[in-house]
2 protein chains.
Amino acid sequence: MTVQDERADAARNRRAILEAANQLFASSHSPRDVSMDDIAAAAGVGKGTLFRRFGDRASLVRQLYAIRLAPLREKIESGPPPLGPTAAPRERVAAIIDALALVKLQNSHLMLALEEGGGPASSVYQSPDYLAVHGLLADLIAADIDRHRAAWIAHMLLACVRADLLRHLVEVDRMSHAKIRANLIDFVERTLSP
Amino acid sequence: MTVQDERADAARNRRAILEAANQLFASSHSPRDVSMDDIAAAAGVGKGTLFRRFGDRASLVRQLYAIRLAPLREKIESGPPPLGPTAAPRERVAAIIDALALVKLQNSHLMLALEEGGGPASSVYQSPDYLAVHGLLADLIAADIDRHRAAWIAHMLLACVRADLLRHLVEVDRMSHAKIRANLIDFVERTLSP
DNA sequence: GCATAATACGGACTGTTAGTCCGGTTGTCA
DNA sequence: TGACAACCGGACTAACAGTCCGTATTATGC
């Protein structure tokens with residue numbers, strides 16, 4: 001057992017917790033309805049174990065989020081066009097926004113938990129994930145479209161795919177996923193045009 | 001004393017509570033740092049009084065918000081152009097977004113409290129205020145720009161003036177209020193152009 | 001002024017939650 | 001197999017939103 005490996009029981013519990021948390025968030029109307037006690041109980045694990053593994057609620061949610069985002073991250077970092085690095089900047093920005101929207105639509109429960117519960121002073125905007133995608137978008141926009149307003153435009157595009165807005169469009173405005181994505185792509189293209 | 005008037009002590013306490021709450025939210029880093037006990041104590045009032053007047057935390061925050069928003073609402077409903085009803089739709093939309101951003105920048109503490117703490121399942125998007133301004137913007141956009149995408153565009157424009165985004169732009173990206181508003185106006189105009 | 005009833009007050013109380021702590025247990029390795 | 005490090009569980013704490021009811025204040029009719 002090398003030093004950074006966890007013990008077998010620890011690994012088993014970690015998986016059980018992630019699984020249970022994901023399940024509970026998915027089947028709850030609001031992330032607030034899911035308490036840490038609920039998650040521990042559903043995972044068949046003591047509360048102490050849950051908190052020792054994940055530190056606090058926000059970290060648990062972030063790990064769940066990271067797991068769901070990993071495939072997209074992979075495609076963006078080293079996949080084929082239009083998401084990968086060899087795509088033309090303009091198409092790549094549109095593809096990234098569309099893919100983000102898709103992931104958020106498909107995992108809205110988790111995304112809501114992430115954007116909501118963060119923690120006292122923790123803004124979504126300071127999370128490594130937001131910073132990374134914002135930085136990438138800003139670079140792409142700066143390279144091809146508008147050097148001066150790149151950071152600004154990147155923020156605006158990301159504001160348009162916030163999980164709570166998407167959720168509202170789906171659940172209250174009854175807009176289909178397809179229509180949301182079509183509108184979004186159109187919107188991005190207009191925004192990126194001169 | 002007519003039936004809808006409140007007793008003198010009740011009126012005094014209501015004002016004290018609103019004042020104290022506003023003060024506390026303004027001087028706190030995050031709305032979460034301000035508890036209802038804090039507000040009651042600062043207002044020199046018992047907790048029961050606070051909850052009897054306002055029902056719950058979300059209502060209190062909404063009332064504070066409504067007070068700050070009242071002047072703008074007034075200008076939009078019956079003021080002169082560019083905010084009032086006689087303005088050309090395109091200019092009016094831009095003016096409304098700009099004015100909203102200004103109010104939010106000037107009252108960021110309250111706006112954060114509103115967008116954050118809402119309540120279990122209460123989305124910002126279902127509040128009467130959001131619905132009202134979204135409806136107005138959608139109507140204006142439908143009348144003059146794009147009938148088909150009006151509701152969508154209105155949502156996107158409002159997403160761009162969310163309090164937490166504005167706060168991030170100010171406090172982390174160190175963007176000046178003037179620059180934010182300039183970028184925003186430019187962005188809105190581009191969005192509303194064919 | 002004063003009696004009276006309606007109204008409002010305050011703070012002790014409840015229920016729930018995130019997060020901590022430590023005595024006991026289990027897995028790993030020699 | 002034995003020893004020890006890592007891990008486990010759930011009782012515990014602190015803090016919070018929201019409730020309740022005996023007491024105090026206010027308006028009103030006389």
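Reply: Start with the elements: helices (H or I, at least four residues) and strands (E, at least two) are DSSP runs, numbered from the N terminus. Helix α3(B) is followed by G55(B), with a positive phi near 80°. The model is predicted, so local features need pLDDT of at least 70 and side-chain atom pairs pLDDT 80 or more, while totals for chains, interfaces and linings use all residues. Residues count from 1 along each chain as written, chains are lettered from A and ligands numbered from 1 in the order written, and side-chain values use heavy atoms, without hydrogens or water.

Me: Why is N107(B) called buried?

Reply: Buried means under 20% relative accessible area, exposed means over 50%, and partly exposed lies in between (1.4 Å probe, protein chains only). N107(B) has 7% relative accessibility, so it counts as buried. It sits in the loop between α5 (89-106) and α6 (108-117) of chain B.

Me: What makes N107(B) and R68(B) a polar contact?

Reply: The term needs a pair of N or O atoms within 3.5 Å; within protein, one must be able to donate a hydrogen and the other to accept it, and residues adjacent in sequence count only if both atoms are side-chain atoms. The side chains of N107(B) and R68(B) are joined at 2.3 Å.

Me: How do you know that the buried residues of α3(B) line one face?

Reply: T49(B), L50(B) and F54(B) are buried in this helix, residues 47-54. Down the axis of α3(B), its buried residues fall within an arc of 105°, so they line one face. The arc is taken over the directions from the helix axis to the C-beta atoms. Their cover includes α1 (8-27), α2 (36-43) and α4 (57-78) of chain B, where contact means heavy atoms within 4.5 Å.

Me: Why is R181(A) with D98(A) called a salt bridge?

Reply: A salt bridge is a side-chain nitrogen of Lys or Arg within 4 Å of a carboxyl oxygen of Asp or Glu. The closest N and O atoms of R181(A) and D98(A) are 2.8 Å apart. The pair links α10 and α5 of chain A, 83 residues apart. D98(A) is buried at 13%, and R181(A) is partly exposed at 27%.

Me: Why does the pair R90(B) and D144(B) tie together parts of chain B?

Reply: Their closest N and O atoms are 3.8 Å apart in a salt bridge. R90(B) lies in α5 and D144(B) in α7 (residues 128-144), so the pair ties together parts 54 residues apart in sequence.

Me: How much area do chain B and chain A bury between them?

Reply: About 3200 Å², 63% of it on carbon and sulfur atoms; buried area is the accessible area (1.4 Å probe) that two parts lose on being put together, summed over both. Y125(B), W152(B) and F187(B) supply 21% of the area that chain B buries there, more than any other three residues. The contact takes 36 residues from each of chain B and chain A. There are 4 salt bridges between the chains. One joins the side chains of D186(B) and R149(A) at 3.1 Å, N to O.
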